[in-house]
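Here's a quick tour of the model on your screen. We'll go from the overall layout down to a few individual residues.

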Amino acid sequence: MSAFTSTNRFSRLIHFDSCRKRPLASSFCCRLHYSLLSSYASCSSSSSIGLLRVLRPYPRRPAPRPFFSANAAELLPPDASMEVVKAALKRCSTQPGTVAIRSQQKSYSYAQLLSSAWKISNLLCTGDLSNGCARSMNGVSSIAIGVPSGKKNLEGARIGIVAKPSAEFVAGVFGTWLGGGVAVPLAVSYPEAELLHVMNDSDVSILLSTEEHQELMKNVAAKCGAQFSLIPDVSSITSDGDSRNKLEVEIDVETLRREIEDSKALEGNGDALIVYTSGTTGKPKGVVHTHKSVTAQRHGNIHHVINFCTVYLYIISYNEKKFINLNFSTLHVHGLFNALFAPLYAGAAVEFMPKFSVRGIWERWRESYPKDGTKVDNAITVFTGVPTMYTRLLQGYEAMDPELQATSASAASQLRLMMCGSSALPYPLMKQWETITGHRLLERYGMTEFVMALSNPLRGTRKGGTVGKPLPHVEVKILMEDDGGPDSSGVGELCVRSPSLFKEYWKQPEVTKESFIDGGFFKTGDTVKVDEDGYYIILGRSSADIIKVGGYKLSALEIESRILEHPSVSECAVVGVPDKDYGEAICAIIVPEAGEKEKTEELKPPLSLEELRSWAKDKLAPYKIPTRLFSWNSLPRNAMGKVNKKELKKLLE
Ligand SMILES: Nc1ncnc2c1ncn2[C@@H]1O[C@H](COP(=O)(O)OP(=O)(O)OP(=O)(O)O)[C@@H](O)[C@H]1O
């Protein structure tokens, strides 16, 4: 451990790395009360938790030793995004038929994916429609663009990609990279105003999309002065590969490999992606990720790809080599890096479900592991989601009849790994999921700006209410709120330095500059502390989740997690609202359990403030108990399932 004082004399920076344990005793400063985890320490895994009224527990999985696999870093390749393409190319040479993507009953091999990407890249660069790759659909030519004269490739031009999660989406991204462009994934579901904001902000010059969105997207492209083109369909194994003989396929793959390698398209210098933040704390910002980060060079052999590969490297070293990962979103880093690039890099197949469907997921798990306990070919083995997805899946489970519950729980228990991230996983939700499926969710902490930084271990103790420890090569500091002395609360803003850090906020040099402190550490804006075992506890966004009541600073996430234990509460958000006496008052907004809603008479809320306060008396300190309560039918959430608390506060005004 090393501790040092920052340039701000009121702050103190505490420096950790992944190998070290907790730096300071975090005794509580008298008027700072953060105790997200400590309050759980006394919870048994059974009846005291209201939400745990669940059936058939599965045995806990054995939790063996090391926190992070020691040799993970040695396996990491030297640059980021393009490394995924290189790995795909290698795989298509050595195992041409290996499935990369499954979507809507079709399978696409690594070779088919790359072949399409290569065509897209050529067409983006040359505008050549004569090579037979581009098709004409309803009078709209696919890829009819070409780079401006005098340029050898796209030279960093931004290529917007609007497609549901599909082989075409992946081919569009890979094709953009091979052509030297910067991919800007855009959501089909964005309202037009938001699409226009992102397109204009990132100066998208070419918009790629698929046939089903072409009318809307042509319009959007025209409004932004961008060119529009369709992404050619990627041929699938059933429609193409099966009908040709093995030798023919192998010759094609070899030619493709040579062409791509000879073209130097794989060098991949410069910017690779612009991903927009969720906009939970403000307008979405364009986060620029590079192929090869400056940090990676500075660190010599430490590689940018680490974050999205690390988890999969663990899995690889675990036992079997074949995984199928279920993915619904390619818009944010969780879906894009963790559930797409990482598994493709690792040689897994990614199965896309066009949109999140509770029934569809349970069905897919039951199909994967049918009643008799057997596992089918192409069974889903890995699942990663945001907490709201697990809440919805639980609601779906509760609505099933007992027989279906039994087969569903049994199927889910047979997946190899279930992960959770992107927002706080409430402890009651984690426990309930574990009771039903036997999986203790592997919770991680990440951000658009660095993908992943902290993680509970694949093998080892996964501590509820914490996000584990820094991943290998990730360094973190806490910018302390107090003087960091012996009575310090240990609470402060988390700062991260990692080979995977983004390069900049697109066209926002000032904001970029302000986001870093000396030494290249990025200020996350999250308030954290470290527990006695060195596990990090996220107390919440400093700007939205830390409520200032009188002299106390309280974590909204802690209070939410407690309220969720109430048997009548299905969802909950806690915010601070202005209060003339105390500065802020604690306001809880709950969504009642479905059954409770039905039981409730029209005018009587399912849970009154008095009932909540009296129930919470022995669960929360008096100053943490809400003084205002609203019961709503749903909480406003963004595409990532996150509650935008700034917007929520406006609704309460
Ligand atoms: N496991 C986790 N537990 C608690 N919070 C988490 C976890 N993982 C991510 N987060 C929260 O999500 C944030 C990162 O999400 P993202 O990059 O999408 O930005 P956002 O905060 O949702 O949007 P914006 O930056 O536009 O406000 C983190 O800063 C943190 O607040």
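## Layout

The centres of domain 1 and domain 2, taken over C-alpha atoms, are 35 Å apart. Domain 1 covers 79–129 + 152–238 + 250–269, domain 2 covers 479–541 and domain 3 covers 546–652; the bounds come from an automatic or database domain assignment.

A word on ground rules: this is a predicted model, where local features need pLDDT of at least 70, side-chain atom pairs count only at pLDDT 80 or more, and totals for chains, interfaces and linings use all residues. Residues are numbered from 1 along each chain as its sequence is written.

## The nonpolar core

The largest nonpolar core has 170 residues. Such a core is a set of buried Ala, Val, Leu, Ile, Met, Phe, Trp, Tyr and Cys residues joined through C-beta atoms within 7 Å. Helix α3 (residues 110–126) is its top contributor, giving 10 residues. Helices here are DSSP runs (H or I, at least four residues), as are strands (E, at least two), numbered from the N terminus.

Ile 161 is among the residues with the most contacts inside that core. Beyond four places in sequence, its contacts (C-beta atoms, placed from the backbone, within 7 Å) include Phe 169, Val 184 and Leu 208.

## Tyr 397

Tyr 397 sits in helix α12 (residues 387–398). It counts as buried because 21 other C-beta atoms lie within 10 Å; the cut-off is 20 or more, with exposed at 12 or fewer and partly exposed in between, using C-beta atoms placed from the backbone. Leaving out residues up to four places away in sequence, Tyr 397 touches Gln 405, Ser 408 and Ile 436.

Notes:
Two residues are in contact if their C-beta atoms, placed from the backbone, lie within 7 Å.
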